[in-house]
Amino acid sequence: MTVPAPPAPTAGRAPQPHSLRQRLVVQLLVLAAALAVGLYLAVLYSAQRASQATMDAILGAATLSMASNLRATDQGVRIDLPPSTLSMLSATGQERLFYRFSVNDTALSGYEDLPVLSLSSPALTPVFYNDTYRGADLRLATVSRALMIDNTLTPVQVVVGHTRDGQRRIAAQLAQNAAVFGLLLFLVSIPLSLVSAGNMLRPIRTIANAVGRRGAHDLRPVRQPAPAELLPLVGALNAFIARLKAAFHHTETFLAEAAHHIRTPLATLRSEGELLLRSTQEDAQRQRIRRMIRSADECARSAGQLLEHATILYRSEQLEQTEIDLCSLMAKLVERFRTSADMRDMTFVLTLPDHPCPIRADSVLLEAALRNLLDNAVKYPPAETDIEVSLKRHGAGYRACVRDHGPGIGGAPTAQLVRRFQRGATSENIVGAGLGLTIVQEVADTMGGTFSIIDADGGGTCATLDLPR
């Protein structure tokens, strides 16, 4: 029986191992870039507002100072420009300054065509406005006060303005500094994003590694600590494992029950066949009966190995490890198979240490593996041959070897022979189900050991099972 391999994933559906990490890093970098741009715009806006507020404060103070130094005389209005006012205006840097004094909209001094904002009533609080004059963008402030001229209260308006180039330079310099800082922030955010993405994905990798280290039949729930965001994923994974375990258990139970219910009628069929064979003298009928008995034996053996295989799969999930003397166990199993070997005039050559060989393992699994090795050694070789069984220390564990003098395995690799229902080319005429070596391999995997079977020098096979202590 050949189980087809699952179809390989197509090129268009190939998994991207780092796509989530890449997307997370890109998102963090986009966020950092947006923050850098936002910082630049915020500093630019704040710098413009701050520089304008500073310049307005100087401009308003200068305008109030000029207005407060207006004097009414018999000849008209006297204008005094104190040095402090000029000092305030010079603090604006390289800006060009403009001013205008007017009475009843008639210019007294300054730039006569300077744009003036009409005021409905005298106001000593500076009023600011923007306008264009002689191709320059100006910021202007105006105040108005009433003076007694010719015994009449007359409004006198003062307008002072300056260009805004210096203000823009200050704002641009601050924005440039913010842009440099934002660029540095973005560059620093690249390694920080990589580190942050790695830290954020570390719980996922931890869970994946914990599940990936498990054996083929380890269906325990995931107990790894996880952040709250991953708890739904862990819960869904544990629910899937529970469903898989239940399905696996139902399959094993079905196989065990099926094997048990099949073996009983097959044993009856074989007994009836043997009785019929003794009472029949015709050669043609005897041949048919022998084929029937052989088929019953094959079915019974297959059912038995299916039952044993289901037991191995079940026990591999729930190991019951105890202290076992491997030397004593091998001696007992050899003695159990000695009767079958004697019927074929085969001799066991047993080489065991003269001291106990303690090993901590599941007795059911260990006995099943050794029993299948001995069964193959008795079943496949021709009669009147020797079976060499040995046990010795090997590294930190033990090495059990079973060597027969049969037809060998025809050079087939171990990986091929341990597949389910796979048999070697030299075993076609011998009753078997193709599960014996599969059971040995699964026991070796469960116990953390290794198994190999090769063609021995001089003919036959040599099966080696290495087990840790």
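A quick word on the model: it is predicted, so local features need pLDDT of at least 70 and side-chain atom pairs count only at pLDDT 80 or more, while totals for chains, interfaces and linings use all residues. Residues are numbered from 1 along each chain as its sequence is written, and side-chain values use heavy atoms, with hydrogens and water left out.

Now the burial values. Buried means under 20% relative accessible area, exposed over 50%, and partly exposed in between (1.4 Å probe, protein chains only).

| Residue | Relative accessible area | Class |
|---|---|---|
| Aspartate 56 | 10% | buried |
| Isoleucine 190 | 33% | partly exposed |
| Cysteine 357 | 1% | buried |
| Cysteine 401 | 13% | buried |

On to the cysteines. A disulfide is a pair of cysteine sulfur atoms within 2.5 Å, and the count by this rule is 0. Cysteine 401 is in no disulfide either, its nearest cysteine sulfur being that of cysteine 462, 5.0 Å away.

Last, isoleucine 190 lies in helix α3 (residues 165–212). Together with Val180, Leu183, Leu184, Leu187 and Leu194, Ile190 makes a nonpolar surface patch of about 510 Å². Patches are made of residues with over 30% relative accessible area and no salt bridge, with nonpolar side chains (Val, Leu, Ile, Met, Phe, Trp, Tyr) joined within 5 Å and like charges within 9 Å. A salt bridge is a side-chain nitrogen of Lys or Arg within 4 Å of a carboxyl oxygen of Asp or Glu, and accessible areas come from the Shrake-Rupley method with a 1.4 Å probe, where for residues only the protein chains shown count as cover.

Key
Helices (H or I, at least four residues) and strands (E, at least two) are DSSP runs, numbered from the N terminus.
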